[in-house]
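Subject: Structure for you to look at

Hello,

I am handing over the structure below, and my notes on it follow. Please read them with the model open.

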Amino acid sequence: MTTDAAAPAAKKRGKPAGGIHVGGLLGYAAIWAFMIVFLIYPLLHLFYDSFTTDAGDFTLANFQDFFTDRYYLKSLMNSLLLGVGTVITTSIIGITFAFLLLRYEFPGRGLFTYLSIVPMIMPPLVGVMGFVFILGRAGTVNILLMDYLGFEKPINFMYGIQGVLLVETLHLFPLMTLSIVDAMGKISPSLDEAAESVGSRGLRKFWDITFPLTTPGYVSGALLVFIWTFADFATPLVVGVDDLLASQAYLNIVQFVDRRLFKMGIVISAIMVILAILFLIIAKKYVAIKDYSSLSYSVIERKQIGPAAKAGVVVFLGVILILAFIPYLGIALDSFGKGWALTPFPVKYTFQYFERVAFETPKFIINSLLYAGISVLICIAVGVPLAWVNARTKLPGREALDSLTTLILALPGTGIGIAYMRAFREPLPYFDMAFIGMWIVIPVVLGVRRLPYTVRGTFASLQIVHKSFEEAAESVGATQMTTFKDVTLPLIWKGVLVGSLYSFILALQEASATLLLVVPGHEMMTVGIFNFYIGGSVNEAAALGLILIILGALCLFVINRVAGSKMGGVFG
Amino acid sequence: MMKRALMMFSVAAFAVLGAWSLSLAQAPAIENELYLITPVSKDVHDPMLKAFAAWAKKKYNVDVKTSAIPKGTPVAYGQILEWKGRPQADVFWGGEGTLFDNLAIEGLLEQVQLPKAMWDAIPASIGTPVPLPLKDPKKFWVGTTLEPYGIIYQPTLLKRLGVEIKTWEDLLNPKLKGQIAQCTPDRSSSSHASYEVILQTYGWDKGWEWLTKLAANTGIFTARSRDVPSVVAKGEFAVGFAVPSYMAFAEVLAGYDVKFVYPKNAYVTPEPMSVLKGAPHPKAGHAFIEFCLSEEGQLLLSGLGVYPITPGLKVKGPEGSNQEKAVAFTGGMRSFFETEIGNVYDDKIAGEKKRIEDVNAYFRKEIAEKHKEIVK
């Protein structure tokens, strides 16, 4: 990693557009080496495994098995439908949010802007647990309905595909809001004015100006929501839904007894990765770390609306946010409530679960912070130079790097976890131990998975710092070093910090790849939550979940203070 | 001068050497780490690991860092195969003897190293008409405790539904539609063993008919067997199928209101234990087995809702102790060796690899994939 860390400085001394020092080239090679070893090789290994028999002979039989199995096909279909369904529901909520927050003035707008991002802070498993506590068959709502309103039977909100859709929608709509806010923020008001001056107003203007310019942001937001839902296996498992592709991949891979099923788990993961690549190619026109460069975010003039409309907006946003905050309530209640069953709220309260997860075994929190911290260092060491190469050089292969970075965003975590499991299982030379047996595998896989956020944050900032700034500085005699120090750095550090913080939050919350890779004795919080949950200690899982949520909310608060709500671009 | 210095040096050297060899003689007899891979849930493995650490400190003066990899039996079994003799865990604990037998055949287990008296204190088998082995005659695994896989229910919900549960048959009551939680036999060995109990009681065809009716009443197939008592304790579902008694008891200790039924011929597991071949900390592993079978270990276990594996010990404690609560919870029994234990589960039939796969495949094709239609 040291060569990588030295790389940006070396490179930035080079000429911005062309001439690159040897040191810079070495750094560039190091980035490539990192991507090849930790991304390309494991994925190729996964494909190799899925196209060969256990003996290593080429075969298509595995895929034939998949595509002739009714149940797998049904799972594939369900996963696609669920993904599309979630895109539709999150679009409706997310776009409405974005428009209201950007275009209209109403009381509490600032607060709503912040709160609308918060639901994103929801570690896997924790969201669905929280929902079940409130909306389950014995959840608060159903108990109230049955005990006080005379309902005979509980309403089934959760157990089934509708429950998964509910959880994913209320968790992921902020991604959509962020993408749209970001895209709309980049539409220059002058364009709006120009359109209006030639008589294009209302719907016409929306169709001519707003729609085409927000499409890239929307498409990438939609792709993210789709892939996230597509790859989530924890949520469906809690509500008893097995016939989804991610659930099948997970269930098949973690049961090793039946070798055929195990192989099918690998094949399903490979299929998920292939599908993700396919979706990416389809959306490629719109999704890349590049975007439509503008010197700055435009200031959108907000419309004043009547009191009735104001009230309507506040009620709408309020209701959606209350729904989205249900899991927080559920988790908070269960992490303090002892023996909570069949009453609307816990009857007895205790602090013992926090004692157990935070003080008796502090390793979860320590490991989480340590690994997420290391992964962010990896993100910065690899991501910042990578973004710089893309923004400021014409080096061959940078397009491919851009595509790889975007690919990471689309890769299902389960897929990459299984790819690592297969690719790094042989003992390393000189170590007598496999890479997957060392704890460092966790920060590495986290670093790879969360790299795009740092890259995007940096890239977006470099775009805002238009080259003309640097050129202007140089034209008046500043050296390149001075230019970087006095012009570029002060302007991009926020972007790097915000991108890194997003990488950090999301690394803290990652579970799909790490759950498969965790090394005994080195469990992090997400793994702890999973282990407590499946070990029957639901309260402890909730307590750990609450701590993780609070950590995430703190990071988000910092991001908000540093960047306002303008950094949606890291997701787009 | 020189000579004296040399002499002093050699004296010092001998002193160091001597101290070193002395410390070698008393060198920690076991490693200072122990990793468990186990389907036995945290309720039991956590207190056992903690107590073991204290015991090892007393006996060997070693601070052992312990950790557990919680996995369902089939998963743990598969993971051990996948490790190919380079395991990341030392001890495999829990499930059924048959899987341990298979691992022994693959050469992935070490032989148990126990004092002879301890080994001999454990009966070879339990149950009639079919005897169920409690230890491996070839010494590759040893049972550690006894517990039945039975039925758990939430009394308030059951009362509301107007249902009583005493036997397996009561689970088929149409009033329980959508109220039963169970794990699948391919993910949970307690479920698998209980499916075998039904299949060996009624025969293959009739047995599956019975299990399909059970599926018709089933509201959820959970991801893991430990989820079953969790969702019942919470009141999400009224009844849980194939639940180890200690998991039900753990919910009681956690403050939930649940009851346990030990139906006729329910599978009784000896929770086998074994040290993995090539384990990173084999001595600590063997010490852990010894601890579990010591009187101290057995006594601790008896307060967690499971039963001693030796006929000499009974579950007994002062009034209000967990031991007494456990006895009351499982219906007044103090030892598995007091009464006749019914068993129809034949591990020669159920343990065969092909049979395991057949049961799982049948379940997957005919029940899991058709569950939505069966419920209708």
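Chain B is split into domain 1 (33–146 + 270–329) and domain 2 (148–268 + 346–375), with bounds that come from an automatic or database domain assignment. This is a predicted model, in which local features need pLDDT of at least 70 and side-chain atom pairs count only at pLDDT 80 or more, while totals for chains, interfaces and linings use all residues. Residues are numbered from 1 along each chain as its sequence is written, and chains are lettered from A and ligands numbered from 1 in the order in which they are written.

The C-alpha centres of domain 1 and domain 2 of chain B are 25 Å apart. Contact between them involves 25 residues of domain 1 and 22 residues of domain 2 of chain B; two residues are in contact if their C-beta atoms, placed from the backbone, lie within 7 Å. On the side of domain 1 of chain B that touches domain 2, the elements giving two or more residues are α2, α3, α4 (97–105), β6 (132–133) and α13 (322–329) of chain B. Helices (H or I, at least four residues) and strands (E, at least two) are DSSP runs, numbered from the N terminus. The most comes from α4(B), with four residues. That side of domain 1 of chain B has 12 nonpolar, 10 polar and three charged residues (Ala, Val, Leu, Ile, Met, Phe, Trp, Tyr, Cys and Pro count as nonpolar, Asp, Glu, Lys and Arg as charged, and the others, Gly among them, as polar).

Chain B also has an open sheet of four strands, in the order β2-β1-β3-β13, with mixed pairing; two strands pair if DSSP finds at least two bridges between them. β2 (65–70) and β13 (273–275) of chain B are the edge strands, each with a single partner strand, so one side of each has no neighbour in the sheet. Strands β1 (residues 33–38) and β3 (residues 91–93) of chain B run parallel and are joined by two bridges. Within β3(B), Val91(B) is the bridge partner of Leu36(B).

Between the chains, the contact takes 28 residues from chain A and 42 residues from chain B. The chain A side comprises 13 nonpolar, 10 polar and five charged residues.

As for confidence, the predictor gives the complex an ipTM of 0.82 and a pTM of 0.85. Chain B has an average pLDDT of 90, and 93% of its residues score at least 70; pLDDT is the predictor's confidence in each residue, from 0 to 100.

Regards
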